[in-house]
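The entries below follow the order in which I looked.

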Amino acid sequence: MNYVLNADWSEALNSRFKIEYKRELFSWLENEYAHKSIFPPKEKIFNALNLVPIKNVKVVIIGQDPYHTRGQADGLAFSCHNGTPQPSLKNIFKEISEDLNISMSDSTDLTPWAKQGVLLLNTSLTVVEHQPASHSNELWHTFTREIVKILNELDQPIVFMLWGNHAKSFIPLLTNPHHLILTAAHPSPFSAYSGFFGCHHFSKCNEFLSSHNLTPIDWQI
């Protein structure tokens, strides 16, 4: 099985992991894809990393795991391949629209954000069809924690948007004063009215980037 990961991230991560861990991760993935219906497609597993080289990361948004319905997961947290907006993404768009006073289209592909330096990182990069959190295990969690640790160590200013308790669990890894940590409730319909709506994360993010002479994110989709 071919796992496509750009040289930038591959080099950074290879120095972090023992060969035994890498062998276990990829052997497990190979077995899962061989015997189950797994999302996203294997060539999209590292899509979030491949679209945003380390030196280009400006913003990190942390999700949990990919969409578990066929045709949706594209390797980017909250992004949806088939154009059917999921409830959390609808609420994200609603907050952006009200925060920045802009209109959002019906597109659900968040690739334009990634191309501007927004790392849309799920904690688990794969999932079994119709089984949410089925790949929420230590293999993936070890991998994504190392990604966050690498970014924490950089001098370049980065905005971390942590929505919900799961994303907030990464806070202890974020010790670098160069970065901005923004927290809020998760955009899910179950919690969006408990602190996500009105958080103004998108305007705060752009103000922070501008203050560090970085180009703000064009959040309009």
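**Helix α1 and its faces**

I began with helix α1 (residues 7–14), where Trp9, Ala12 and Leu13 are buried. I take buried as under 20% relative accessible area, exposed as over 50% and partly exposed as in between, with a 1.4 Å probe and protein chains only. Helices (H or I, at least four residues) and strands (E, at least two) are DSSP runs, numbered from the N terminus. Seen down the axis of α1, the buried residues fall within an arc of 90 degrees, so they line one face of the helix; the arc is that of the directions from the helix axis to the C-beta atoms. The face turned away from this buried side carries Ala7 and Glu11, which are exposed.

I worked on a predicted model, in which local features need pLDDT of at least 70 and side-chain atom pairs count only at pLDDT 80 or more, while totals for chains, interfaces and linings use all residues. Residues are numbered from 1 along each chain as its sequence is written, and side-chain values use heavy atoms, with hydrogens and water left out.

**What α1 packs against**

I then asked which elements the buried residues of α1 pack against. They pack against α3 (47–51), β3 (118–122) and α6, contact meaning heavy atoms within 4.5 Å. For α6, I noted that its axis and that of α1 come within 11 Å and cross at roughly 100 degrees. That makes α1 roughly perpendicular to α6. Axes here are lines fitted to C-alpha atoms, for helices over the stretch in contact, and angles run from 0 to 180 degrees between N-to-C directions; angles under 35 degrees count as roughly parallel, over 145 as roughly antiparallel, 65 to 115 as roughly perpendicular and the rest as oblique.

At this crossing, Trp9, Ala12 and Leu13 of α1 meet Phe143, Glu146, Ile147, Ile150 and Leu151 of α6. By class, I recorded 7 nonpolar, no polar and 1 charged residues in the contact. In this classing Ala, Val, Leu, Ile, Met, Phe, Trp, Tyr, Cys and Pro count as nonpolar, Asp, Glu, Lys and Arg as charged, and the others, Gly among them, as polar.

**The nonpolar core**

Which residues have the most contacts inside the largest nonpolar core? I found Leu119, Phe143 and Trp219, in a core of 72 residues. Its largest share, 7 residues, comes from helix α6 (residues 138–152). Such a core is a set of buried Ala, Val, Leu, Ile, Met, Phe, Trp, Tyr and Cys residues joined through side-chain atoms within 4.5 Å.

Not counting residues up to four places away in sequence, Leu119 touches Trp9, Ala48, Leu49, Val52, Val57, Val59, Val60, Ile61, Ile147 and Leu151.

**Helices α4 and α8**

I next turned to helix α4 (residues 87–100) and helix α8 (residues 201–211), whose axes come within 8 Å and cross at roughly 60 degrees. That makes α4 oblique to α8. On the α4 side the contact is made by Ile92, Glu95, Ile96, Asp99 and Leu100, and on the α8 side by His201, Phe202 and Ser203. By class, I recorded 4 nonpolar, 2 polar and 2 charged residues there.

**Backbone sites in loops**

Most residues other than glycine have a negative phi, and most peptide bonds are trans. I therefore checked the exceptions against that background.

The peptide bond from Phe39 to Pro40 is cis, with omega near 0 degrees, and Pro40 has its place in the loop between β1 (38–39) and α3. Phe78, not a glycine, has a positive phi of about 75 degrees; Phe78 sits in the loop between β2 (59–63) and α4 and, at 10% relative accessibility, counts as buried. Ala133, also not a glycine, has a positive phi of about 65 degrees; Ala133 lies in the loop between β4 (127–128) and α6 and, at 44% relative accessibility, counts as partly exposed.

**Two further buried residues**

Pro53, in the loop between α3 and β2, is buried with a relative accessible area of 18%. Leaving aside neighbours within four places in sequence, I found Pro53 in contact with Asp8 and Trp9. Asn152, in helix α6, is buried with a relative accessible area of 8%. With neighbours within four places in sequence again left aside, Asn152 is in contact with Leu173, Leu174, Thr175, Asn176 and His179.
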